[in-house]
Amino acid sequence: MTTAQEGNLPLHLAGNNAPVTEEVTVEPAEVTGAIPEELNGIYLRNGPNPRTGWSPHFFAGDGMVHAVALAGGRARWYRNRYVRTPLYEHPGESRYALAYDAATGQVDYRVTTANTHLVSHAGRLLALEEGGFPYEITPELETAGPYTFGGALRTPMTAHPKICPRTGELLFFGYRLRPPYLTYYRAAPTGEVLQAQVVPVPRATMMHDFAITEHHAIFMDLPVVFDPAMTGGMPWRWDDGHGARFGVMRRDGGEVRWFEVDPCYVWHTMNASERDGTITVVGCRVPTLWRAGPEDVGGGLPRLHEWRLDTATGKVSERPLDDAPLEYPRVADAEVGRPHRFGYVTSFSLEAEPERSEIYKYDFARGAARDTHRLPAGHLCGEAAFVPRRQGAGDDDGYLLTFCHDRARGTGYLAILDAADLSARPVAEVRLPVRVPTGFHGIWVPKS
Ligand SMILES: [Fe+2]
């Protein structure tokens, strides 16, 4: 693509945000460094890849999963596949027209892009997007179809469910545009839904993520509210009158206790934990979002932030943890809902020249001290997922895996970084003969 052509494209379709046109399966031949022998599994990453080449918003593209299988110090394969949803099967058709039945007023939640994230639970691999049902895919990325937990899922499902490392339960929620607006679900390690509970909220708000602790689920009722007028092409707008609250509910049900917080939006929490009656939430916060419509980023880029909810007094204290712009916060899977020492994010500084991505590691035992991995100039990456060296480890004894884009070569690679020595050169780079678009979230699925 020439610069002139790129200049006519919206940001979400330009550069490495542009979709790829082929589904491929290749055995990566070019590896720099040494792939650790203990990495035995598949790294999968989801993202939008509009089949028509066009989408009205970054969030609207058809889901495409990119994956690399690692075993015995080798990269066995890379492949990328669309998730076969009704939107994929009917390219260019309106989601609203496909999903909404005007005669019955029903919404078909099978109509989704499944483009945001993945989860592996109870032997199933699911591609997720918050507006619809999950889609089950195989480890080879073939689509099996929509998955509803045996009919127990009656709403869309968030793209950010949490697996409790202690109980093995899958905790999640679904929000929708009509009452009941918010439903909480708890599934057993076997995948059976044990609990589906309506959480009372006054209206539909865009609820992208939530958090869990050992005993609680934390919902974020923030001022990005449903906008049926679709001002700017998205059904959401900022509303100063809505206020902002975190709702704390026991994971096994009961009343929700709401804590007022300073107005903000939070796409992603890094983690939450509880100790002596105080619930601590860490996430990436913007002071406003889409105040003048979905292209308005006047609220700036997200910053790492901490909220402390005192369940004895009902008081909230909050503070910024860093002033660097960043997103895609992650902790080790073994530390989800528990006190974490380390957290990982991708920096979105727009000031680096030449442009490059940075990955930060925060050490919360040292006052959120920051360690940095700088990609080479012209190399960009998205989210980095922590993969423990030993299964179940929760410290920094492991690797960060992320797909990167090498602008000069026009192709992608999987970077494997040493989480304990983040600023060092990558442990390995698995070079791919194709480009991997920027995308959203990914997971590591160890071979069982
Ligand atoms: Fe997300």
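The lining of the largest cavity in this predicted model divides into five nonpolar residues, two polar residues and one charged residue. These residues are His-121, Ala-122, Arg-124, Leu-126, Tyr-147, Phe-149, Leu-170 and Gly-191.

The structure holds two cavities of 30 Å³ or more. The second largest cavity has a volume of about 30 Å³, and its lining consists of His-12, Leu-13, Asn-17, Pro-48, Pro-50, Ser-55 and Phe-58. Four of these lining residues are nonpolar and three are polar, with no charged residue present.

The iron site may be considered next. The iron ion is coordinated through the NE2 atoms of His-160, His-208, His-268 and His-441, at 2.0 to 2.1 Å. Along the chain, these donors follow the spacing H-x47-H-x59-H-x172-H. His-160 belongs to the loop between strand 11 (143-146) and strand 12 (162-163), and His-208 to the loop between strand 15 (193-198) and strand 16 (211-212); the pair therefore ties together parts that are 48 residues apart in sequence. Both His-160 and His-208 are buried.

The geometry of the site remains to be described. The four donor atoms subtend angles of 92 to 169 degrees around the iron ion, and the arrangement is therefore irregular. For reference, the ideal angle for four tetrahedral donors is 109.5 degrees.

Note on methods. Residues numbered from 1 in each chain as written. Predicted model: local features only at pLDDT ≥ 70, side-chain atom pairs only at ≥ 80, totals over all residues. Heavy atoms only, no water. Donors = N, O, S within 2.8 Å, 3.2 Å for Na, K, Ca; no water. Tetrahedral: all angles 85-135°; square planar, octahedral: opposite > 155°, others 65-115°. Helix = DSSP H or I, 4+ residues; strand = E, 2+ residues; numbered from the N terminus. Buried < 20%, exposed > 50% of the residue type's maximum accessible area, 1.4 Å probe, protein only. 1 Å grid on protein atoms, 1.4 Å probe; cavity = no way out; pocket = protein on both sides within 12 Å on 5 of 7 lines; lining within 4 Å. Points joined across faces, edges and corners; volume = space filled by probe spheres on them. Nonpolar A, V, L, I, M, F, W, Y, C, P; charged D, E, K, R; others polar.
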